[in-house]
Amino acid sequence: AFADAALHGTDVIQDALLAGRCVRSSSEKGPSGALEDLESAKVFMKPEEEAQLKAIAETMARATPQLVSSVEAIFEALTCFGNNNFAVTDDLFLAVGAGCFPVGASLNHCCRPNCLLAYELLPGHLPVQAVRVMEPVLAGEELTHSYVDLALPRGQRQDQLKETYGFHCSCLGCRGELPEIERFLEAELKPGDPGSPGSSAELAKAEQLRLQAATEEDPHVELKILEECGLRERWLHPRHLEVCAAHAAAHTAAMAAFDWVAAEKHCGKLVEQYLAVYPPWHPITGLQMFTLAELKEQLGKLAEAQSCYEGAERILRLTHGEGHELVLQLKERLAESHELVLQLKERLAESRDSKPPRELARLPLSASHAKPPARGREGQPLRSTKATNYSGQRDEADVLATGFTVREITPQAAKLWLLLQLVGLLFEFNLWREVQSDMAVTVDDEGPSKQCCRTRAICAKTAFVILVGPGCGHAKR
């Protein structure tokens, strides 16, 4: 029926079905309120929008006369949806549908809200809208939430509010001087940067690369293209919306490509952005910190992962509730991470106090969330080889990040190492004389020739010398 009436799109069908349900249940006032409690948007609705809503109501009444008794009732409900309906979100705050909640619609907007709207979705039950108070409020103080994305700059927020809800926002967040962070969100150039004739060309090239990456199916190729978009940061502020969007796209591609190093880098940039633009309790920040903690743990950065787990748990237990599955997972990860760090400190203390050299191997992840090691471009494990800082003291985070064993370096070990170096040099010299006397070896820019196979075999037999000494030139090739 809608197709015959030239009314296309899933939004049309969904709005019509929701309007029919609201009209049928309007006789009984439920916990979410009644339809007549909503404010109509007809006063600021455009003529073409009003005509489309009338066509939807007439088509639905004509197609389902047994369900819809009044065209006017459907039309009135549809005029209230645009400025009162809510996007129903799941635990990750991704929209899964739309709903009509008149009680929640009575809350006013504020760009510095003190409430968050969440939804309890249980199989076999109607969705429940929960208004969570996120900041201390006084008795009689107004409860507010945000109608728009708080990560947008002031101008874009006000434009959306005017177009969708028909009012000009004059809340605390929109009065007075523009905050510094909001100036950075739209700043074309970095503060104090006079610009350059090449800036426009490079920004245009970055936009072309972004569009090209959006059509790429291979996540590895897409990530490579998006990495080239980093030239935006030469001219735009690190908090600019376009820079943030580039990091978000690169993070998604890196996760799809199983490139944990790139994913951690871009995820960290997103967390920095969210901490700067959102309230400290915003769930998007907490969820992104949860992801960042898992990536850092995957790369062996347990100390940093523990800090991210703590930040995510502090936020999500407020936005989701103490008993939510995500919060329980976070508490479990946090306890395991804390235990591993304590074990590390104990082993470090033992290795410093004991006279004989002791091995300090990397602590294994618990079996409950162990993951396969991340792989680089050549399929090699992603490891950090730094085990000591310049002061001679081992950094715990660096020890955790490496996959190699770490030994205490004693004066006796240093002397033994120097002796092995000398033996290696002497043995290599004798080996070189033996090879030269047996055969002629030719080496060009492309590597040893086929005649060098016997030399490589001899070098393989003396691998213990090559590991501690300067090594054989052919073996290095």
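Is the crossing of H11 and H12 left-handed or right-handed? This tour of a predicted model begins with that pair of helices.

**First stop: H11 and H12.** Select helix H11 (283-298) and helix H12 (302-319). Their crossing is left-handed. The two axes come within 8 Å and cross at roughly 155°. Angles over 145 degrees count as roughly antiparallel, and H11 and H12 are therefore roughly antiparallel to each other.

Next, display the side chains where the two helices meet. On H11, the residues in contact include Pro-283, Leu-287, Phe-290 and Glu-294; on H12, they include Leu-302, Tyr-309, Ile-315 and Leu-316. The residues of this contact comprise 13 nonpolar, four polar and four charged.

**Second stop: the largest nonpolar core.** Select Leu-223, Leu-226, Phe-290, Tyr-309, Leu-316 and Leu-330, which touch the most other members of this core of 36 residues. Among the elements that each supply at least two of its residues are strand E4 (115-120), helix H7 (197-214) and helix H13 (325-353).

Now centre the view on Leu-223. Apart from residues up to four places away in sequence, Leu-223 touches Ala-250, Ala-253, Ala-254, Asp-259 and Ala-262.

Select Phe-2, Ile-56, Leu-78 and Ala-105. These residues belong to a separate core of 28 residues.

**Last stop: Ser-337.** Select Ser-337, which lies in helix H13. Is Ser-337 buried or exposed? Its relative accessibility is 2%, and buried means under 20%, so Ser-337 counts as buried. Beyond its neighbours within four places in sequence, Ser-337 is in contact with Leu-302 and Gln-306.

Conventions:
Residues are numbered from 1 along each chain as its sequence is written. This is a predicted model: local features need pLDDT of at least 70, side-chain atom pairs count only at pLDDT 80 or more; totals for chains, interfaces and linings use all residues. Side-chain values use heavy atoms; hydrogens and water are left out. A nonpolar core is a set of buried Ala, Val, Leu, Ile, Met, Phe, Trp, Tyr and Cys residues joined through side-chain atoms within 4.5 Å. Buried means under 20% relative accessible area, exposed over 50%, partly exposed in between (1.4 Å probe, protein chains only). Helices (H or I, at least four residues) and strands (E, at least two) are DSSP runs, numbered from the N terminus. Contact means heavy atoms within 4.5 Å. Axes are lines fitted to C-alpha atoms, for helices over the stretch in contact, and angles run from 0 to 180 degrees between N-to-C directions. Angles under 35 degrees count as roughly parallel, over 145 as roughly antiparallel, 65 to 115 as roughly perpendicular and the rest as oblique. A crossing is left-handed if the near helix is turned anticlockwise from the far one by less than a right angle, and right-handed if clockwise. Ala, Val, Leu, Ile, Met, Phe, Trp, Tyr, Cys and Pro count as nonpolar, Asp, Glu, Lys and Arg as charged, and the others, Gly among them, as polar.
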